[in-house]
Structures are given as structure tokens and as C-alpha cells.
Amino acid sequence: MAVLDILVYPDERLKQVAMPVENFDSELEAFVADLEETIRAGPACVGLAATQVGHPQRIAIVDVSVKPKVKTHGRILLINPEITAWEGYVVGREGCMSVPDYTGNVIRAEQITLETFDLSGNKNLYQLEGFEARAVQHEIDHLDGMLFLDRLVSRRNDLFRRKTYK
Amino acid sequence: MKNWYMLTVVGKDRPGIVAHVTSALFDGGCNLGEASMIRLGGNFTIMLMVQHQGSVKSLQEMLSSVTESLDLHAHIDKIEGELHHHVEPDVRITVFGADRAGIVAKITGALAEAGLNILNLESDVGGSESQPIYVMHIEGCANEGIESLQSALDVVTKEGIEAKLTPIETLIG
């Protein structure tokens, strides 16, 4: 196991579109263990994609359980993840291990349905919302060569969470 | 490469102010840092970090033809240019109500006492001339916790001002 180096923008490798995982083998298992150790080494970090450590495969880990008052499924392993349904939208603040000392507002779907595979190649389904759904969307963006910088909306006069009128 | 200055520019709004000011600085060999530029009540205002190897006087001279031709007032202060140390806000407060004197003083006074450090404040006067409304957005750090700020706000909002506090949960991924 090892803590991997995290690429920092403007490293071109952050713009690569990652390739799907085809072999669910011990090599995959070892990489996921390293990725997990790397995410645990970043105290405020709630997600990390393989792209960020220069490994262009569709793998990421999300774990928002360090945040208090946030709905969480614990650690979610993303392998060849697909978002199959979206609902609602919300503006929230994001930063990134690959973009130090900057945060900005980004619009994300409020609820998503996620299809992903585990280490044995079995498909898992998740219904996610809020902060956790945001984290998954942020990581899948990395796998598509996108950073939150590509999705920034103005800090001024932005649409914050709307009051729900009943 | 230190030598940072804060350049403040104010003038009646017209197209091209930013382009002309920043071109003069670029031509003069300056580097720009962080900035806030906005139109306030028909005036255009600039607060701009400028890195310049010369003195306040040489920076003033560099800008003199632009400020004269566009009728701008410029002011320059020597500053510490502390980049790459952003402080992240953890709370956002939106305030609105019928405009009257004292809203900002009352709200920010209560919030300061409850531990708020303001990082960013924007406000507008909207509505009509006969019925103006005041809208203010504040982002900052709740140094004594969100609950403390909420209690402070609950007191001032009883006085006819509407205020909403939202925690900012920054996602780092």
C-alpha cells in the first residue's frame, strides 16, 4: 500500500478521459487500496478519482462520512460508474485536491441514481442525494477529464438553495 | 517578487474602464493579483492588487493619462500581497427588507459580537425610488459556531428585517 502523488492543475493528465476497467483482478484491488490510502491521507478530502493520481481508469472512491449532518452510505467504490437518473439541481461550494487554494460554486443534480461495480465485478445501485450525490458527480467529472473549474458559476448573485414553498 | 500595491479606482461608469486601466498597467510592466470590480450606483469601482517594482509615485504616473482621459480617481496603498492563503467561508447570510438607515450596522454588529468574520459582503438597493429595498449577501467564518450567529440573527430579524443563514459545506474531492 502507498499514498499516491496527486496531480495538480494545469497538469494535462487531468484532462484525459479515463478508460473503463476490464479486468477485475488483484491489480485492480491493489490500486483501489492505494487510492483509499491516499484519500485517507487528505484530512478534508471526501473523494478521489484515479485520474487525479495519473491512473487513467474509471475508478474513484467517495466517502462523505467525515462530514457531520450529511446523509451518507459510507465508503462508495466507483468502478465504471454511470449516473442513470438525475433530479433537481442545487448550487454548492466545491474545491479539489488537484486545485489548491481555490473554491467556487458549481451546479449539480440534487438526487442521482448511480450504477457502479465492486471489486468482483458485481453491479451495485445507489440512490444518492445532496452532498454525497455532489461528491459522486465531482469524481465522475474527473474520469471524464473535467474539473469543477469547467463548471464554475459566479460567486456573486448566485442561486443558492431555494426556499421550498409548501 | 514582492512589492504589492492596492489600487483603488472610482469613476462614473462607462465602457472600457477595466480594459484601459489594465492595459496601462500591463504596458508598464505590472502584474495583477486578486481584484474586486463592480458598478455601484452608476459608479465603477476597482480594488486591484498590483505588483510593481517601482514606487507609489511611478505607479501613479503610469496611470495618469488613463485616469485623466476617463475622469477616474485613483488611490494607491502599499500592501502585503498575501496570495495562496484563502480563508474559506463556512456560512452565508442573506438579508433583505424595506430600506432604512441602520440595517447594516445593526446586523453586522450583532453578527460580529456572535463571532462572525466577514470575508465578502455585497449589497444592493433595489425596488423603486419611493419604496427602496435593501438586499445584502455576506459570506464569512463563524468563529463561535453557526448557532451563535443564528441566535444573534433571530434577535435582529424581530425588528422587521428578514435574514437567512445557510451553512456552506465546501466539498473537497
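## The largest nonpolar core

In this predicted model, the largest nonpolar core holds 34 residues. Five of them touch the most other members: A:Leu48, A:Ala60, A:Val62, A:Leu78 and A:Val136.

Both chains take part. From chain A, at least two residues each come from helix H1 (26–41), strand E1 (47–49), strand E2 (59–63), strand E3 (75–79), strand E5 (99–117) and helix H2 (130–143). From chain B, strand E9 (171–172) also supplies at least two. H2(A) gives the largest share of this core, 5 residues.

## Around A:Val62

What does A:Val62 touch, leaving aside its neighbours within four places in sequence? Its contacts include A:Val46, A:Gly47, A:Ile76 and A:Leu78. A:Glu132, A:Ala135, A:Val136 and A:Glu139 are also in contact with A:Val62.

## A separate core

Another core lies apart from the largest one.

## Two helices of chain B

Helix H3 (residues 103–113) and helix H4 (residues 146–157) of chain B have axes that come within 8 Å. The axes cross at roughly 150°. Angles over 145 degrees count as roughly antiparallel, so H3(B) and H4(B) are roughly antiparallel to each other. Their crossing is right-handed.

Which residues meet here? H3(B) brings B:Lys106, B:Ile107, B:Ala110, B:Leu111 and B:Glu113. In H4(B), they meet B:Leu149, B:Ala152, B:Val155 and B:Val156.

## Domains of chain B

The domain assignment of chain B gives domain 1 (4–79) and domain 2 (91–167). Taken over C-alpha atoms, the centres of these domains are 31 Å apart.

Key
Residues numbered from 1 in each chain as written. Chains lettered and ligands numbered in written order. Predicted model: local features only at pLDDT ≥ 70, side-chain atom pairs only at ≥ 80, totals over all residues. Domains from an automatic or database assignment. Core = buried A, V, L, I, M, F, W, Y, C linked by C-beta atoms within 7 Å. Buried ≥ 20, exposed ≤ 12 C-beta atoms within 10 Å, placed from the backbone. Helix = DSSP H or I, 4+ residues; strand = E, 2+ residues; numbered from the N terminus. Contact = placed C-beta atoms within 7 Å. Axes fitted to C-alpha atoms, helices over the stretch in contact; angles between N-to-C directions. Parallel < 35°, antiparallel > 145°, perpendicular 65-115°, else oblique. Left-handed = near helix turned anticlockwise from the far one by under 90°.
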